[in-house]
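I opened my notebook today to get to know a new structure.

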Amino acid sequence: MTAISEAAAQARPAPQKGPLIYRQSIWTRLTHWLWVICLFFLLLTGLNIFNARPQLYVGQESGFDYDNTVLQIGAENTRSGPRGFTTIFGQKFDTTGVLGMSGPAENPQYRAFPSWATIPSYYDLGTSRVVHFFFGWIMVAALFVWFLASLLNGHLWRDLVPKGEDLSGLGQDVVSHARFRFKHTRSYTPVQKLTYFTVFVILFPLIILTGLTMSPSMDATWPWMLDLFGGRQTARTLHFGAMLLLILFFIVHVVMVVLAGPINEMRSMITGWYRTSPGTPPTKRDR
Amino acid sequence: MADLMLSRRRLIGLGAAGASSLVLAGCDQFDNFLKVGAPVRSTLEQANNLSHQVHRLMGRDALAREYAPSEIRQGQRPNGSTDPTTPEYLAMKANSFADYRLKVTGLVEREVSVSLDELRNMPARSQITRHDCVEGWSTIAKWTGTPLSGLLDQARIKPEARFAVYHCYDNVEQGLSGDVFYYESSDLIDARHPQSILAYGLNDQVLPVANGAPVRLRIERALGYKQPKYLHTVELVSSLAGFGRGRGGYWEDYGYDWYGGI
């Protein structure tokens, strides 16, 4: 190789963009946006349903003559007037303004979750149950469709099930996520795989099954659910806990989308096409 | 590092924007679509019919779990009406319900009317079950009574009957236009279910007034509002249209789902 051609090779600019790859199938995209709608309504109606009995217990039943409460949101009179409180495992916190007592100071509302966080905005157990169960069915139907499609098109095994190399690369990937350094490759990173795998294989089934365990009719048909979760009231508590974890996932997920390049990330979940980082080896199916 | 700082600043800004849009989104925009009778609401309510049908397909005859006596750790918490105030009920209560009659009427070959003593002499069943309130709480208690199916067999239900309507003594609402009485209804699968008993005993005692004396129907695979207290008449019908506001029960008329198994 001559010195001239070597210099020419160095002068040629490295590609600024990696190939545009087809990353998300129509099934992934469709169910993703269905879940966005479902989880929005399920959360806000669920908080309204919780407001009917803003207290969580462990076991088969709710203790009235004994204490098996693990969480309670309420309001009480104190020397400085009414205050909202939240008690978690016996630790009491003043949550006036949001939990237990909320709304304008001159006309406060005494409800566990505030009006702006519930559907309907007023307390209506019957209505929030109607909406909750409708979107519950859609969420389960979408999960069924997604699972079947992802099993058949290989998405589940290829992109989501963590393999050996994912576990060994986990530590480094956690560090690069924490430093907001993202590499856009053909496959998900170990942190992404573990997160989505946890959501689909643990959190979604958990929140669906604990929801079903609250149904006295389903308990008759599938009594093993009562044994699996340790009782209807424990199931209700776990349902609430799974909701909190899904909110945590939602927040981190949206933050990551924004930091990793919101236009590219949104495009991949709308059109399926995703711009990879420079240096990603191209294939014939790329654009 | 400059990259990182920018990202963090952007993160905080976007977080604030996201939080404020969440506040704006919640949530009175949906209120009017969801009133009882609104078309959107009526569409969403179909999900409850689906649940009803799927549950019947999956476990038509499944039995509710029965618990061990050691799991009764407290009294049965009374809820809803706890002390009816109609003269008719007060007179019966004063007489220890000696004049009480439970009637089976409507689409039957032969109307049945039995006293409390006659009910107590019919085949008895005791079951320790979990009572699940629609609000979310549960309590475990022992209920003793006679299966409703026995009385329905005596009355011989006509083939056109599709529902059982349960009429109660409790004036759950006392308005200017008079008393509103509690009522409920179920399909005939729940009415004939082996655990659907006309309960006159609770935790080995006579059923107290607060829990529905003299007779309360247990429908163990349904929520508490489907377990009518102070029951006096079981009416077999082909349609629920003629009762209350036509939605099949007192709470249903306020928008609660009729199935009540979920």
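**Entry 1: ground rules**

I noted that this is a predicted model, in which local features need pLDDT of at least 70 and side-chain atom pairs count only at pLDDT 80 or more, while totals for chains, interfaces and linings use all residues. Residues are numbered from 1 along each chain as its sequence is written, and chains are lettered from A and ligands numbered from 1 in the order in which they are written.

**Entry 2: domains of chain A**

I looked up the domains of chain A and found domain 1 (17–51 + 122–275) and domain 2 (55–112); such bounds come from an automatic or database domain assignment. Taken over C-alpha atoms, the centres of domain 1 and domain 2 of chain A are 29 Å apart.

Then I checked where they touch: 10 residues of domain 1 of chain A are in contact with 10 residues of domain 2 of chain A. Contact here asks that the C-beta atoms of two residues, placed from the backbone, lie within 7 Å. On the side of domain 1 of chain A that touches domain 2, helix 2 (26–52) and helix 10 of chain A each supply at least two residues. Helix 10 of chain A has the largest share of that side, with 6 residues. I kept in mind that helices (H or I, at least four residues) and strands (E, at least two) are DSSP runs, numbered from the N terminus.

By class, that side of domain 1 has 3 nonpolar, 5 polar and 2 charged residues. For the classes, Ala, Val, Leu, Ile, Met, Phe, Trp, Tyr, Cys and Pro count as nonpolar, Asp, Glu, Lys and Arg as charged, and the others, Gly among them, as polar.

**Entry 3: one residue**

Is Leu39(A) buried or exposed? I found Leu39(A) in helix 2 of chain A, and it counts as buried because 20 other C-beta atoms lie within 10 Å. The cut-offs are 20 or more other C-beta atoms within 10 Å for buried, 12 or fewer for exposed, and partly exposed in between, with C-beta atoms placed from the backbone. From Leu39(A) to Ile88(A) I read 49 residues in sequence and 25 Å in space, C-alpha to C-alpha.

**Entry 4: the sheet of chain A**

I traced an open, antiparallel sheet of 4 strands in chain A with the order 2-3-4-5. Strands pair if DSSP finds at least two bridges between them. Strand 2 (55–57) and strand 5 (91–94) of chain A are the edges, each pairing on one side only.

How many bridges join strand 3 to strand 4 of chain A? I found 8 between strand 3 (residues 69–78) and strand 4 (residues 81–88), which run antiparallel. Asn77(A) has Pro82(A) in strand 4 of chain A as its bridge partner, and a hairpin joins strand 3 to strand 4 of chain A through 2 residues.

Strand 4 and strand 5 of chain A are antiparallel too, with 4 bridges, and Thr86(A) stands opposite Phe93(A) in strand 5 of chain A. Their hairpin has 2 residues between the strands, and Phe89(A) takes a positive phi near 50° there.

**Entry 5: helix 7 and helix 10 of chain A**

I needed a reminder that two packed helices are described by the angle between their axes and the distance between the axes. Helix 7 (residues 190–213) and helix 10 (residues 232–260) of chain A pack at about 145°, with axes 8 Å apart. Axes are lines fitted to C-alpha atoms, for helices over the stretch in contact, and angles run from 0 to 180 degrees between N-to-C directions.

I listed some residues of this contact, including Leu203(A) and Leu206(A) of helix 7 and Leu238(A) and Phe249(A) of helix 10 of chain A. By class, the contact has 11 nonpolar, 5 polar and 1 charged residues.

**Entry 6: chain B**

I turned to chain B, which has 6 helices and 12 strands. Of its 262 residues, 40% count as buried.

Last, I looked at where the chains meet: the contact takes 49 residues from chain B and 43 residues from chain A. Helix 2 of chain B gives the most to the chain B side, with 10 residues. By class, that side has 22 nonpolar, 14 polar and 13 charged residues.
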